[in-house]
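Please consult the sequence and the structure shown here alongside the text.

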Amino acid sequence: MDFNDTPEEAAFRKEVRAWLDANATRKSDDKRSFRARNDDPNLLKKAKEWQAKKAAAGYARMTWPKEFGGRGASPILQVIYQQEEANYLVPLGFFDIGLGMCIPTMMAYAGPEHLKRYVKPALHGEEIWCQLFSEPAAGSDVAGIRTRAERDGDGWVINGQKVWTSGAHYSDYGIIITRTDPAVPKHQGLTMFFLSMKTPGVEVRPIKQMSGGANFNEVFFTDVRLPDSQRLGKVGEGWKAALTTLMNERLAVGLPSGGLDVDELMELARDTDLEDGPAIKNQQVRGKIADWYVQQQGLKLTRYRTLTALSKGQTPGPESSIIKIVAAPKMQDMGAFAMELMGPAGIMKEEVPHAAGFQAQWIGGAGFRIAGGTDEILRNIVAERVLGLPADVRVDKDVPFNKLGKS
Amino acid sequence: MNFDFSDDQKLLKEQVRKFLADKCPTKVVRRVLDGNEAFADEVWKGLVELGVPATGIPEAYGGLGLSPLELCVIAEEIGRAAAPVPFDSSVILATEAVKLAGSEAQKKKWLSELAEGKAIGTLAITEGSQPPRPRNIRTTFGGGKLNGRKVPVIDGDAATFAIVLANTGGQGDRAVSLVLVDLAQTSVKKRRVETIDPARKHAELSFDGASAELLGAEGEGWRLLERLYDAAAIYFAFAQVGGAEAAMWMARDYALQRQAFGRAIGSYQAIKHKLADCYVKLELARSNAYYGAMMLTDGGADLPLAAAAARIAATEAYDFASKENIQTHGGIGFTWEADTQFHYRRARVMALSLGGPMAWKDKLVTRLEQKNAA
C-alpha cells in the first residue's frame with residue numbers, strides 16, 4: 001500500500017504544477033487566505049478568465065472526449081489536476097454545475113448542432129449553466145414538480161417556479177424539468193428542456209440564505225416560449241433525463257474545502273481556560289477531538305480508496321456515499337462545540353480568534369445537511385443501493401399527478 | 001495511489017473466508033458458547049494447516065514471513081466468523097510480543113512452536129478490577145521467579161505459555177517488565193472464569209514461584225506493551241470490521257424477511273437509516289484500519305496515531321452494528337437461540353481487551369499533540 005502516483009500520474013502532476021506555477025499564484029501557508037464569494041462581480045470575471053485559460057490548456061474537463069475539448073483521459077488525471085489546482089489562488093466553483101451536470105445531460109440528449117454551439121463556450125467559461133430542478137413543493141421528491149410546459153403550435157409554453165437554483169443570477173443557460181402531462185403518474189409526465197436565461201418571461205430573484213449569503217435563487221417562468229428543438233429527450237421521458245443529471249450531481253457535489261477542522265479546534269482548546277486548566281486537558285474535550293479526527297481521517301482515507309480504484313481503471317465501490325453523511329453533521333456539530341469552548345463570547349463575530357470561522361461552519365452546516373441530498377435521502381440511498389433494502393412505499397406511484405392531494 | 005490490498009492478499013482473504021464459512025458456521029460458535037471446550041479445536045487445527053499462525057512469523061523461525069497486510073485480511077475473516085479460536089491471544093498478542101521483544105533464543109524456541117501450532121500463547125496483564133497501570137501491578141518477578149495472579153486472561157487455560165506484565169522494582173513506568181512463562185509448571189494454577197462471552201474462554205492464572213524469564217529489557221514492560229498494543233489495535237480493528245460487517249448483513253437479511261404492519265421491516269426508514277449508519281461507521285472504520293495496516297507494514301511515523309484512530313473507529317463500528325443487529329431482530333434477537341448474541345458479546349470483549357475507547361481517545365489526542373509539536 002502507498003499513496004504514490006504511478007509514473008504516468010507523477011509525470012502528469014509535474015506537468016500540471018509547472019503550468020500552474022506559470023499561470024497562477026501559489027497559496028501561502030494560511031489556508032484561509034482566499035474564499036470565493038459568488039456575489040463579487042470581479043470574481044466572476046476572474047473566474048471566467050481562469051476557466052478560459054484552463055480550457056485552452058486542456059485541463060478543464062480532461063475526461064471528456066477530444067471532440068468536446070477533453071482529452072479522453074482517465075478520471076484520476078482530472079483528480080490530480082484538481083488536487084494541484086487547490087494549492088493555488090484561483091477562483092473556482094462557477095462552472096461545476098454546468099460542466100458537471102448540465103453539459104453531460106446535453107451530451108446525452110442534444111443534437112449535434114446544439115452541442116457544437118453550446119459545449120465549447122461552456123467549457124471555456126464564456127457561458128455559465130444552471131440546473132432548474134427543485135421547486136417549492138418538490139425538494140427531495142423532485143418528480144413532484146409542478147412547472148408546466150404546454151404545447152403551443154410547434155413549440156412550448158412554460159409557466160411555474162423553480163427554487164434553490166444555484167448560480168441562476170449569473171447563468172446564461174439552464175436545463176429545466178417540466179410537467180407536460182399531469183394526467184399520468186408523476187414520473188411519467190415529465191419532459192426536459194434547455195433554455196437561455198434571457199428568454200422573455202424568465203425572472204431570477206436571489207434567495208438570501210440564513211447564513212447571509214445569496215448563492216441560490218428563485219426562478220419564475222411566465223409564458224416562456226421555447227421551440228421544440230430545445231427539448232432534451234422524448235416527451236414524457238424527462239425523469240430519465242433528470243436521472244442522468246442527478247447521477248452526475250453525486251460526482252459534482254464535493255466537500256466544501258478550506259474550512260476549519262481538527263487542527264484549529266485543538267488550537268482553540270489549547271488557548272481556552274476551563275475551570276480545571278486548558279480545555280485541551282479536559283477529557284470530554286479530548287473525546288470530541290478524537291471523534292472528529294477519526295471522522296476527518298476516515299473521510300480522507302475513504303476518498304483515497306476511491307482514487308485507488310480510479311487509478312487502477314476500476315469502478316469505485318459505494319464507499320464514497322458516506323462522505324456527505326459524515327461531513328455535514330460534523331461541520332455543524334464541530335462549529336457549535338468550538339463556539340461553546342469560547343464561552344459566552346462564542347456568539348460574537350469579532351475579537352475571539354476563529355470565532356467567525358467556526359460560526360460559519362455551525363450555520364453553513366445546517367444548509368450543507370440539506371443541499372445536494374439531505375441526510376435522510378442519502379441514508380435511503382445507502383440503504384437501498386448498497387444494502388439492497390426495499391425502496392420506500394410510494395403511495396403516489398400509480399396515481400395520475402392531477403389526482404394527487406395538494407399540499 | 002494504491003490504498004488497497006493486492007490481488008494475492010484478496011485471494012488469501014477469500015480462502016480463509018471460505019474455510020471459515022465451511023468449518024466455522026455459527027453453530028460452531030454456539031457449541032463453544034454452550035459447552036466446556038476451550039476453543040473449537042477442529043477449526044484451529046484447520047487454521048494451523050492453512051498456515052494462519054505462521055503468517056507473520058519470519059521464515060528464519062519457521063514462519064511464512066508474510067507482511068502485516070496478510071495477517072490483517074485473515075483477522076478480518078476471523079472477526080467475521082466470530083471464530084472461537086486463540087487467534088487474538090496467540091497469533092496476534094503473544095506472537096507479536098515475542099517478535100517485538102524476544103531475544104534470539106526466545107524467538108527461535110517460541111516463534112517456531114507458534115508457527116507450527118504446537119504452542120499457544122497469551123498475554124496476561126490485568127489483575128482484577130482496576131485497569132492496569134504500572135503502579136498497580138502486584139505480580140512480581142525477581143530471581144527468575146514469578147509470583148502473583150492475573151485475571152482475566154484470554155485463552156488462559158488453553159495457553160501453553162504466557163507473557164506477563166510483572167513488577168520488577170523500578171520507578172514510575174519503569175516499575176514493570178514483560179516476563180515469559182511456560183504454563184506447564186506445577187507452580188502455575190489455572191482457573192476458568194465466567195465472562196460475558198463464553199465463546200471465548202478466559203481464565204485466572206496464579207503463579208507461585210513459577211520459573212520465568214524476562215521478555216525484553218527490565219523496566220521496559222510498559223513501553224513495550226504500548227507498542228504491542230498499537231500493532232494489536234490494528235489487527236483487532238480488522239477483526240472488528242469483519243464482525244461489524246457480519247452483524248450488519250445479519251440485520252439486513254432479517255429486515256428483508258421480517259414482516260410487520262403489512263410489509264418488510266427493512267422498508268421502514270427507521271430500520272433503513274439505522275442500517276445505513278452501520279454502513280457509514282463500517283466504512284470509516286475500514287478506511288482507518290487500512291491506514292493502520294499501511295503504517296504497520298511500512299513502520300511509518302504515523303503508526304501510533306493511525307493505530308489509535310483504527311481502534312476507535314472499529315470499536316465504535318462493531319459496538320454499533322452488533323447492538324443494532326439485536327434491535328433490528330426485535331424479541332427473537334434477545335433469545336439464547338438467536339445468533340445475534342455472538343457479535344454483541346465479542347464486540348464488547350474486543351472493545352475492552354486492549355483498553356476501551358475512552359483511553360484510546362485520550363491516547364490519540366496525546367499523539368496528535370506530539371505530532372503537531374514536532
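The points below cover the overall form of chain B, its domains, and the contact between two of them.

The structure is a predicted model. Chain B comprises eleven helices and nine strands, and its assignment gives three parts: domain 1 (7–116), domain 2 (121–218) and domain 3 (222–373).

**Overall form of chain B**

- With a radius of gyration of 20 Å, close to the 21 Å that the globule rule gives for 374 residues, chain B is as compact as a globular protein of that length.
- Taken along the principal axes, the box filled by the C-alpha atoms of chain B is roughly 75 × 50 × 40 Å.
- Buried residues make up 57% of the 374 residues in chain B.
- Among contacts in chain B with a separation of 6 or more, 74% are between residues 24 or more positions apart.

**Domain 1 and domain 2 of chain B**

- The centres of domain 1 and domain 2 of chain B, taken over C-alpha atoms, are separated by 22 Å.
- Contact between these domains of chain B involves 20 residues of domain 1 and 18 residues of domain 2.
- On the domain 1 side, the elements of chain B that give two or more residues are helix H2 (26–34), helix H5 (87–101) and helix H6 (104–116).
- H5(B) supplies the largest share of that side, namely eight residues.
- By class, the side of domain 1 of chain B that touches domain 2 of chain B holds 14 nonpolar, five polar and one charged residues.

Note on methods:
Residues are numbered from 1 along each chain as its sequence is written. Chains are lettered from A and ligands numbered from 1 in the order in which they are written. This is a predicted model: local features need pLDDT of at least 70, side-chain atom pairs count only at pLDDT 80 or more; totals for chains, interfaces and linings use all residues. Domain bounds come from an automatic or database domain assignment. Two residues are in contact if their C-beta atoms, placed from the backbone, lie within 7 Å. Helices (H or I, at least four residues) and strands (E, at least two) are DSSP runs, numbered from the N terminus. Ala, Val, Leu, Ile, Met, Phe, Trp, Tyr, Cys and Pro count as nonpolar, Asp, Glu, Lys and Arg as charged, and the others, Gly among them, as polar. The radius of gyration is taken over C-alpha atoms; the globule rule is 2.2 Å times the number of residues to the power 0.38. A residue is buried if 20 or more other C-beta atoms lie within 10 Å of its own, exposed if 12 or fewer, and partly exposed in between; C-beta atoms are placed from the backbone.
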